[in-house]
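Hi,

Here is the structure I promised to send over. Have a look at it first, and then read on for what turned up.

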Amino acid sequence: MTAIAILPDLLIDQIKAGEVVERPAAVVKELVENSLDAGAQSIVIDVVEGGLNRIRVTDDGCGIPAEALVGALARHATSKIRVLADLESVASLGFRGEALPSILSVSRLRVTSRPQQAAHAHQVHGEGRLADDMVGEPAAHPVGTTIDVRDLFFNTPARRKFMRSAAAEFRAIVQVVHKLALWRPAMRIELLHNGRCTLKLPPQSQAARIAALLGDAFLTESVAVDEARLGLHLQGWVGLPAAARARADCQHVHVNGRPVRDRVMASAIRRAYADVMHSQHHPAFVLSLALDPAAVDVNVHPQKTEVRFRRSAEVHDFIFGVIHHQLRAVRPEPDRHHQIRPDDPAPQWQVPLALGPLPPRAGAASFVPQYAVGGGPPLAFQVEDRADGEACPDPAAAPPSPWRAAAAQVEAAAPLGQAIAQLHGIFILAENTDGLVVVDAHAAHERVLYERLKQQLASGQAASQRLLVPEPVALDEVAVETLMAQREALASVGFELDQTGPDSLWVRAVPALLQRTPVAGLLKRWAGSGDAGDDELHRIDDGAQSAQQRVLAEVACKAAIKANRRLTLPEMNALLRDIEGTELSGQCNHGRRTWVQIPRGTLDHWFLRGR
Ligand SMILES: Nc1ncnc2c1ncn2[C@@H]1O[C@H](COP(=O)(O)OP(=O)(O)OP(=O)(O)O)[C@@H](O)[C@H]1O
Ligand SMILES: [Mg+2]
């Protein structure tokens with residue numbers, strides 16, 4: 001065995017650098033964080049060839065005194081903490097005193113800096129390390145600091161081989177800059193690549209900064225969050241479920257100004273969406289959590305991208321509660337929200353949802369809608385005429401009909417208006433003061449039933465219906481075992497199952513909503529056997545969703561009115577009123593939208609009326 005030896009400093013730094021600066025984006029992160037810690041108002045990041053050739057970050061921060069320049073590049077040299085107690089409540093982004101020496105050990109580095117009170121700037125430079133006799137040399141530089149990193153990994157060819165194309169490395173840099181810029185709207189930030197300016201952010205409002213980085217659509221398709229409790233303050237925007245994305249590419253979480261990946265927060269957010277979003281979709285969100293620095297340990301990851309909360313359960317419950325509450329508060333209120341605009345080049349279907357409680361509806365609690373089951377033959381295309389049979393009237397010129405007067409009376413309490421027709425056996429068309437509302441009857445009914453089932457369950461009275469003749473279901477042994485293990489959850493929503501053999505069981509009772517629906521397929525799916533048959537979207541597999549919720553969601557989906565079922569106007573209106581009174585009614589249980597508003601102005605525009 002080789003004798004044990006202490007490694008030389010340069011090698012130690014290079015090993016350390018492997019953790020801290022694994023790619024150019026990590027260098028940019030460390031340098032920009034230093035500028036932020038230095039209180040800079042303006043930062044320019046100038047990158048050549050994805051940062052592999054050069055990364056230069058200039059700020060107007062507090063600067064580094066000449067006598068401290070050499071020290072700043074020494075390992076474990078930091079101005080940010082002094083004693084262990086400081087580490088326990090660190091408020092700056094940096095605290096390890098490792099970034100600059102790590103970067104120096106794998107590059108050609110030059111630091112030029114001038115503090116406010118200094119007559120001029122000083123600089124130091126080195127390749128892999130500083131020369132032993134290096135002292136700060138006078139240089140020209142305004143107040144602030146420039147750190148210039150050239151030829152990254154020039155002395156560690158093995159690492160250099162792992163670098164991707166310059167374009168890919170630059171994309172990673174852009175992401176890092178975006179993340180750091182998100183919650184610092186007052187900071188002027190400029191990013192250049194190969195001499196070309198690719199991002200220029202002026203000091204702006206928080207919302208303008210978010211829109212600049214994530215696009216205007218993000219804000220219009222999300223709801224704002226701002227709540228403080230128990231020393232925790234959560235701010236930001238959470239995307240509406242209907243604006244879910246196929247990839248988790250718009251999820252930003254900051255803790256005390258530090259962009260992080262955090263499991264506790266991620267799980268709380270996932271749970272908050274579990275009810276309204278299919279598990280294969282990803283919500284968009286930008287959230288910032290502020291809390292006492294002493295309540296969070298930031299020293300758990302070499303790149304400082306993770307944190308550990310001292311009271312993680314509290315943080316989890318707080319975040320879940322805030323987001324869950326905000327998502328549930330989203331209700332139809334057409335006149336207060338963005339809709340399809342007349343000058344949109346093509347109709348852009350947006351979900352017109354708004355925050356805020358609806359006025360209570362008279363008789364809402366006692367009304368039980370009776371949606372036709374079975375019904376007539378499937379219709380390929382079906383439009384029911386309006387009840388008053390007006391022939392192509394000009395609404396502006398027409399005298400108020402009794403129908404219209406009655407409609408106007410309920411308008412205030414009925415944001416979704418009055419049903420006028422059913423289209424393709426799927427959509428309900430309704431007229432409200434704003435224009436036309438189009439409702440996906442199945443999706444909306446599913447949400448209404450789901451919320452009702454949940455309420456029933458919460459009050460301990462899930463309606464169950466005993467079958468006159470028990471329904472036998474043949475499964476495999478594993479499936480029977482799985483179902484019997486979930487027996488209690490199933491019983492709580494109205495299923496009564498009896499095992500009759502290793503691979504068979506009887507269904508003795510079903511949820512009242514399903515009394516006329518075959519349930520064998522559902523049970524097979526829950527047991528993970530058999531063919532799911534139905535719409536792929538309805539396979540719910542998110543671990544965060546409780547077994548009960550999953551079952552309820554599927555019961556609601558099964559029991560909801562199906563396509564091609566002919567609805568009468570009173571049935572349609574009953575459903576509209578139910579949607580208005582239901583939490584989370586803007587989307588079905590899988591996050592699909594349930595209705596859209598086409599404003600009158602848009603219709604006028606399409607038909608060039610009033611021009
Ligand atoms: N842009 C800058 N403006 C002013 N001072 C700076 C700047 N960059 C670095 N410094 C000084 O150099 C020191 C060393 O920086 P370095 O990034 O290596 O360590 P750190 O920020 O203290 O901790 P960490 O390794 O966690 O980033 C800092 O503590 C700070 O005093
Ligand atoms: Mg630092």
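This is a predicted model: local features need pLDDT of at least 70, side-chain atom pairs count only at pLDDT 80 or more; totals for chains, interfaces and linings use all residues.

S22 and strand S23 (residues 504-511) run antiparallel and are joined by five bridges. Together with S21 they form an open sheet of three strands, in the order S21-S23-S22, with antiparallel pairing. Strand S21 (464-474) and strand S22 (496-501) each have a single partner strand, so they stand at the edges and one side of each is left without a neighbour in the sheet. On average, neighbouring strands here are turned by 20° against each other, ignoring direction.

Now to the ligand. Ligand 1 is surrounded by 22 residues, and the closest are Ala38, Thr78, Ser79, Gly94 and Ala99. By class, its shell has eight nonpolar, nine polar and five charged residues. Helix H2 (24-37) and helix H5 (99-105) each supply at least two residues of that shell, and H2 gives the most, with three.

H2 also packs against helix H7 (residues 166-182), at an angle of about 25° and with the axes 8 Å apart. That angle makes the two helices roughly parallel, and their crossing is right-handed. On the H2 side the contact is made by Pro24, Ala25, Val28, Lys29 and Val32; H7 brings Glu169, Ala172, Ile173, Val176, Val177 and Leu180. By class, that contact has nine nonpolar, no polar and two charged residues.

Cheers

Key: Residues are numbered from 1 along each chain as its sequence is written. Chains are lettered from A and ligands numbered from 1 in the order in which they are written. A residue is near a molecule or strand if its C-beta atom, placed from the backbone, lies within 6 Å of it. Helices (H or I, at least four residues) and strands (E, at least two) are DSSP runs, numbered from the N terminus. Ala, Val, Leu, Ile, Met, Phe, Trp, Tyr, Cys and Pro count as nonpolar, Asp, Glu, Lys and Arg as charged, and the others, Gly among them, as polar. Axes are lines fitted to C-alpha atoms, for helices over the stretch in contact, and angles run from 0 to 180 degrees between N-to-C directions. Angles under 35 degrees count as roughly parallel, over 145 as roughly antiparallel, 65 to 115 as roughly perpendicular and the rest as oblique. A crossing is left-handed if the near helix is turned anticlockwise from the far one by less than a right angle, and right-handed if clockwise. Two residues are in contact if their C-beta atoms, placed from the backbone, lie within 7 Å. Two strands pair if DSSP finds at least two bridges between them.
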